[in-house]
Amino acid sequence: MLALALVPLIVAGFSPLLQWRQPLYILAGFAGIAAMGVMLIQPLLAVGALPGVGPGPGRRLHRAMGGILVLAVLLHIGGLWITSPPDVIDVLLFRSPTPFGIWGALAMWAVFGAAIWAMFRRRLRLRLWRWGHTGLVAVAVVATVLHVIPVDGTMEVVTKWALSAGVLSATALAIYRRRVWASVAWRWPGLSIR
């Protein structure tokens, strides 16, 4: 699992495209790749599926890694903002001419939303909290993959696809294990759906 998260970073370090990029732009790109690596590990920590990490330490590490994920996203966006403000403004306002930019903005807002939702963990009913957090995470993961796949950048194609498949699979496994969707009963007047 660690190799699946780290190999894309290592391989990207040998990309010939790096020689024409500013150091801050390179840092921003690598922060994005690192964020995907964190997204691979996060769901496995949440459900105790990471080998060698128990459920209790896994959940604590999950919270810490959530902070690292937010920081990586901020570095990714911040570095791109400094090197190309008009492009980032277009992305943040959802008016980018490239669809992958729109997916990136959606992924960013979903990551921030999931982090903010996590802050209210103790104030919300468990079912509501799980639904909200899981929904935001699912949007963040799918949007991230749709953001990354079409970009022709420093990420090598095979490792990009492998990491994307790993992130999707880990998230699906966590959602399945938590059985979030099955744990909520919708109750409307005269109707009960389980």
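I68 is found in helix α3, where helices (H or I, at least four residues) are DSSP runs numbered from the N terminus. I68 is partly exposed, because its relative accessible area is 42% and the label covers values between buried, under 20%, and exposed, over 50% (1.4 Å probe, protein chains only). From I68 to F14, 54 residues apart along the chain, the C-alpha separation is 25 Å.

Before I go on, a word on the source. This is a predicted model, in which local features need pLDDT of at least 70 and side-chain atom pairs count only at pLDDT 80 or more, while totals for chains, interfaces and linings use all residues. Residues are numbered from 1 along each chain as its sequence is written, and side-chain values use heavy atoms, with hydrogens and water left out.

Back to α3. H62 also lies in this helix. Is H62 buried or exposed? H62 counts as buried, because its relative accessibility is 18%. Leaving aside neighbours within four places in sequence, H62 is in contact, meaning heavy atoms within 4.5 Å, with Q42, L45, A46 and H133. P99 is 37 residues from H62 along the chain, and their C-alpha atoms are separated by 30 Å.

Not counting residues up to four places away in sequence, L50 touches M1, I41, L44 and L45. V7 is 43 residues from L50 in sequence and 18 Å away in space, C-alpha to C-alpha.

Next, helix packing. Two packed helices are described by the angle between their axes and the distance between the axes. The axes are lines fitted to C-alpha atoms, for helices over the stretch in contact, with angles from 0 to 180 degrees between N-to-C directions. For α3 and α4, the axes come within 5 Å and cross at roughly 130°. These helices are therefore oblique to each other; angles under 35 degrees count as roughly parallel, over 145 as roughly antiparallel, 65 to 115 as roughly perpendicular, and the rest as oblique. On the α3 side, I77, L80, W81, I82 and T83 meet P85, V88, I89 and L92 of α4.

The other pair is helix α6 (residues 126–148) and helix α7 (residues 157–178), whose axes come within 10 Å and cross at roughly 165°. That makes α6 roughly antiparallel to α7. Among the residues that meet here are V137, V141 and V145 in α6, and V167, L168 and I175 in α7.

Between α4 (85–92) and α5 there is a loop, and F94 is found in it. What is the phi of F94? It is positive, about 55°, although F94 is not a glycine. Most residues other than glycine have a negative phi. F94 counts as partly exposed, at 41% relative accessibility.

Last, the rings. Rings of Phe, Tyr and Trp (its six-membered ring) pair if their centres lie within 6.5 Å; planes under 30 degrees apart count as stacked, over 60 as edge-to-face and the rest as tilted. The count by this rule is one aromatic pair. W109 and F112 form it, edge-to-face, with 6.0 Å centre to centre and 85° between the planes. Both lie in helix α5 (residues 99–119), three residues apart, about one turn of the helix. W109 is partly exposed at 44% relative accessibility, whereas F112 is buried at 16%.

Note on methods
Helix = DSSP H or I, 4+ residues; strand = E, 2+ residues; numbered from the N terminus.
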